Amino acid sequence: MRQAMHAGATEHGDESGFHESTNNDRLIASLAALVIRLARMSLFEGKMVSGTSRTHGSPVGLGPDDRRAMGAISRACLIQGLPDHGAEIHDLLALCTRPLGEWLTLPEVVHAGLNHTVLIHADDGIPTAEAEELAAGFTGMTAAIEEQLFARFMDVLSRHPEGQANAYYTKVRDFVVRNPVCNLDDFKLGLTEEVPARVWLIIQREFYEAVPTGWCVDGTVPICDHCGNAMKKGRAGLVCRTAACVATYPARSSRSVAASSVMRVARGIRQYWVEPGIDELRLYDALRASGTPAELYPFRDRVDIAVGDTGIDLKTYVSPETLGQKFKRSIGGLAYYAQRLLVIPDWHVASVPSYLYRLTRTMGRDDVTCLTVSEALARLGSKESGYA
Ligand SMILES: [Zn+2]
């Protein structure tokens, strides 16, 4: 057995500790990549994940890369004296819906700030944004799931002149975030006047789906007063299905609808648009209300919000280290703006110790300012900003 295996959790100064750390960084990346591969298979190819190896004539199941990732988890668990979490794919995926710090208690998970990181969204079975970031750059990873999910929508938009396409994009995304559960017929007339029929068809067929009867509470679907999403039964009453909403508002529902009378946004859309959209729209609406000329999702989502030459991205990564790494690698659409703000919801900053400090430190760049939503509002809404 190698020296490093006996090194213990606290020793990282020596060379063997360094190698172990590097291997385990890859370990998390390979686990995240496994999660992404399987999610893509289930989302886009409609295949169910089975524990049996992929064999000739039976494309459903696990490939060699998946087996390797599971084997690496098994080994790491053995070394740390943990149960063998890599042995069975369904067990492993179920664990991935819980914070890494609860089951994969490796020193590197702690050091990388990943204790509270979850790789799979429990309700939707969709990888979290953090899983995608952790898998980024891992061998064999291709286009992001989000890109694939919205490919047809973007393709239809691209057939229109730039300015028009951008306006359609913002209109549709704004609508979807504000109406996670709705009767599409109620909006059909209003929206079909504003977006082309082909775009409307995509909204109808790809962005929304029937509400399952399992979403009923006492026969109907309770709707959240704050964000319009459906609510579910919690331990102490109804709970909104939007995590960002639960974090900020007390649960309240004053209306209920028949499941057959409404549609819900499809699970991928929920994860990529609705969940982050709650905070994005809250900031956007507050800026507009203060007279600041904010634009939402300009240039088909170059940034989340733009105010003049200020670009704003809003993120709610659990781990400031993972988010910091992402922006260290690339600032994405913020590069188009002279002033660059990376904004974190106040509720999120309050729930993670030293969030902004850790984020800024990991990112290690001075061309992006990290601040809370309320700080961003104060800065952009003030008369001195020149925008308000
Ligand atoms: Zn809500």
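Arg302 lies over the face of Phe299, at 4.0 Å from the ring centre; a charge counts as sitting over a ring if NZ of Lys or CZ of Arg is within 6 Å of the ring centre and within 35 degrees of the ring normal. The model is predicted, with local features requiring pLDDT of at least 70 and side-chain atom pairs counted only at pLDDT 80 or more, while totals for chains, interfaces and linings use all residues. Residues are numbered from 1 along each chain as its sequence is written, and side-chain values use heavy atoms, without hydrogens and water.

Over the ring of Tyr297 sits the charged end of Arg173, 4.0 Å from the ring centre. Tyr297 also belongs to a cluster linked by ring pairs, together with Phe150, Phe153, Tyr169, Phe207 and Trp273.

Nine aromatic pairs are counted, where rings of Phe, Tyr and Trp (its six-membered ring) pair if their centres lie within 6.5 Å, and planes under 30 degrees apart count as stacked, over 60 as edge-to-face and the rest as tilted. The ring centres of Phe150 and Phe207 are 5.8 Å apart and the planes stand at 75°, so this pair is edge-to-face. Because Phe150 lies in the loop between α7 (145-149) and α8 (151-157) and Phe207 in helix α11 (residues 197-207), the pair ties together parts 57 residues apart in sequence. Helices are DSSP runs (H or I, at least four residues), numbered from the N terminus. Both Phe150 and Phe207 are buried (under 20% relative accessible area, 1.4 Å probe, protein chains only).

Val118 lies in the loop between α5 (107-111) and α6 (129-135). The C-alpha atoms of Val118 and Ser319 are separated by 9.6 Å, at 201 residues apart along the chain.

Conventions
Helix = DSSP H or I, 4+ residues; strand = E, 2+ residues; numbered from the N terminus. Buried < 20%, exposed > 50% of the residue type's maximum accessible area, 1.4 Å probe, protein only.
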